Amino acid sequence: MAKKFLTLNIGATNVALAEYESAAHGSLTLLRYGVAQLAAPIDGGNAETILAPALMEIVRSTGIRPGKVSLALSGQMVFPKFAAVPMAGGAEKFEQMVRNEIEQNIPFPIDEMVCDRQVLGDTEGGDKSVMIVAAKVDQVEAVCDAVVSAGFSPELVDVAPIALTNAVRAARPDETDGCLVILDIGARTTSLVIVEGDKLYNRSIPVAGNAITKEISVALGCSLEEAEQVKFEKGYVSVGGVTEDEDEVADRVSKVCRAVMTRLNAEISRSINFYRSQQQGGTPAKLYLTGGTALLPQADQFFAESLGIEVELFNPFEAIAAGPAVDAGALASDAALLGVTAGLAQREAGAARFEINLLPPSIVSARAEKARIPVLAAGGAMVVAALVLLMLAFDREAAEISARRDAVAARISSLSSFDAKVTAATRAAAAAQADAERLRATLLERSRAMHRLNVVRASLLDGMWIESWKDGRITVRAWIDRVKGKAPAGKTTGEFVVDRLKTKGAAEEVKILDISRIGAAKGGDGQIEQFTLEVKFK
């Protein structure tokens with residue numbers, strides 16, 4: 001019987017939600033998916049205001065219905081540890097030694113952490129090789145609460161690098177006996193995983209896409225937003241040597257990309273050497289690239305030349321079919337962002353080798369309480385059934401039957417009172433849900449308004465300001481002789497601002513209603529130029 005399930009990858013700058021279906025024979029199909037940008041990086045205090053609106057945006061755009069979901073945290077939120085633990089003393093002693101490893105190697109008190117471990121196999125010395133993963137309880141609970149506020153129910157909390165490893169093993173089962181490197185280059189961090197059979201080594205490296213954007217901003221003297229746009233339009237990794245690009249900007253950007261990738265390559269080499277010397281690992285034969293920054297042109301060629309191994313962009317959908325509702329063209333470009341959701345789907349389908357669950361204690365307890373309700377209801381039904389059978393057994397004795405009937409009547413009265421309480425609680429819950437929906441709508445509208453304001457501000461030249469904003473009509477003013485930056489030949493300053501606003505991708509239609517100049521203010525020494533824009537946002 002086919003089974004549908006939802007998977008969610010929460011990254012540093014975006015969130016990916018995907019719905020999969022697993023057939024009876026184990027094959028997977030991607031039914032629908034969506035990717036949304038986060039308004040800001042998630043921290044312990046803003047998860048609900050940042051994550052929930054992004055999830056609701058995906059729900060609206062894709063039609064995915066909220067429900068039970070398996071989610072993955074980014075590698076920078078967790079503390080991985082790989083240890084060799086002796087089995088002497090039995091299972092209880094083994095668990096105590098694992099706990100000692102956690103207390104000695106995790107930089108927070110253990111009662112502030114949610115931890116899980118998995119035995120990977122035996123070491124050459126006869127001990128057990130154990131993977132330990134821990135995360136701060138308050139951070140995991142904040143993320144789970146945000147997911148719940150968007151209408152979802154977290155069933156599993158995995159870790160992105162481990163989920164991605166499961167995706168690679170499922171897509172390339174014939175290669176995972178050898179030594180492979182998986183490199184997920186995101187925005188804030190790069191997750192490096194070395195997998196060799198049942199061995200696993202994971203490390204988070206603080207060199208990624210944002211580092212490239214910052215270096216471009218410095219090199220070109222522009223804002224981070226403009227640097228990100230330049231990286232997207234002209235960025236590629238220079239292959240080195242004396243070659244130069246005819247486009248001066250592209251040439252400088254390519255060399256910046258290469259410089260940052262060189263720093264990342266040094267960390268990768270250091271990690272490989274550590275794995276080989278400390279964990280007696282083999283020499284990697286292949287590297288799989290994934291993540292948004294991995295799509296920079298020539299990144300695969302750079303790592304192939306620097307590391308001296310075969311490099312390939314990882315596509316998880318070689319082993320997973322795409323449903324009729326999935327746009328094949330969009331999926332080809334988004335595949336690098338969906339590898340983690342594919343790994344979560346493999347786990348849901350029972351095809352994952354590595355299984356970690358950091359579901360926080362609060363959710364585990366709530367789930368246990370919920371599971372008790374059917375048991376209590378069944379117990380009550382059994383009591384009533386027993387009473388009925390007892391009355392039938394003593395049917396000949398009228399007095400006892402009457403007494404039993406009175407007892408049943410009293411029980412029915414008690415249950416009726418309980419039913420009234422349940423009904424009242426249900427109504428209260430519905431009212432609370434309605435209040436929550438209104439709050440989520442308010443938070444989403446606030447997030448959308450802030451985003452639009454930031455887009456318009458980023459489109460103005462230095463020295464310009466917003467004079468008024470009403471019903472999509474935005475009046476902009478500037479002292480003509482104080483504006484920094486000039487429009488290209490043939491364009492007015494207002495037309496140049498319109499062009500900049502269109503490139504941001506947030507406006508569907510922009511036009512200038514009027515342009516005028518206002519005489520200098522009293523005591524002033526210049527003129528104010530004013531133009532009014534009519535903006536239709538997406």
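**Close-up views of a predicted model**

**View 1. Arg-172 is a buried residue, with a relative accessible area of 13%.** Buried denotes a relative accessible area under 20%, exposed one over 50%, and partly exposed a value in between, computed with a 1.4 Å probe on protein chains only. The model is predicted, so local features require pLDDT of at least 70 and side-chain atom pairs count only at pLDDT 80 or more, while totals for chains, interfaces and linings use all residues. Residues are numbered from 1 along each chain as its sequence is written, and side-chain values use heavy atoms, leaving out hydrogens and water. Arg-172 lies in the loop between α4 (160-171) and β9 (179-185); helices (H or I, at least four residues) and strands (E, at least two) are DSSP runs numbered from the N terminus. The side chain of Arg-172 makes a polar contact of 2.7 Å with that of Tyr-288 and another of 3.0 Å with that of Glu-318. A polar contact is a pair of N or O atoms within 3.5 Å; within protein, one atom must be able to donate a hydrogen and the other to accept it, and residues adjacent in sequence count only if both atoms are side-chain atoms. Beyond its neighbours within four places in sequence, Arg-172 is in contact (heavy atoms within 4.5 Å) with Lys-286, Tyr-288, Glu-312 and Glu-318.

**View 2. An open sheet of 6 strands has mixed pairing.** The strand order is β8-β4-β1-β2-β3-β14, where two strands pair if DSSP finds at least two bridges between them. β8 (153-159) and β14 (321-322) are the edge strands, each pairing on one side only. Strands β2 (residues 14-22) and β3 (residues 28-37) run antiparallel and are joined by 9 bridges; Ala-18 stands opposite Tyr-33 in β3. Helix α10 (residues 339-348) packs on this sheet, touching β1, β2, β3, β4 and β8, and its direction makes about 140° with that of β1. Angles run from 0 to 180 degrees between N-to-C directions, with axes fitted as lines to C-alpha atoms, for helices over the stretch in contact. Helix α3 (residues 137-149) lies across β1 (3-10), β4 (68-73) and β8, running at about 140° to β8.

**View 3. β6 and β7 form a hairpin with 5 residues between them.** The antiparallel strands β6 (residues 113-122) and β7 (residues 128-136) are linked by 9 bridges. Asp-122 has Lys-128 in β7 as its bridge partner, and Gly-126 in the turn has a positive phi of about 90°. Val-133, in strand β7, is buried at 2% relative accessibility. Not counting residues up to four places away in sequence, Val-133 touches several residues, including Val-78, Cys-115, Val-159 and Leu-358. Val-133 and Val-159 are 26 residues apart in sequence, with their C-alpha atoms 8.7 Å apart in space.

**View 4. The largest nonpolar core contains 112 residues.** Such a core is a set of buried Ala, Val, Leu, Ile, Met, Phe, Trp, Tyr and Cys residues joined through side-chain atoms within 4.5 Å. Val-15, Val-147, Met-261 and Phe-303 touch the most other members. A second, separate core of 19 residues includes Ala-478, Val-498, Ala-507 and Phe-537.

**View 5. The whole structure has 0 disulfides.** A disulfide is a pair of cysteine sulfur atoms within 2.5 Å. For Cys-115, the nearest cysteine sulfur, that of Cys-144, is 15 Å away. Cys-115 is partly exposed, with a relative accessible area of 27%, whereas Cys-257 is buried at 0%. The sulfur of Cys-257 is 13 Å from the closest cysteine sulfur, in Cys-222, too far for a bond.
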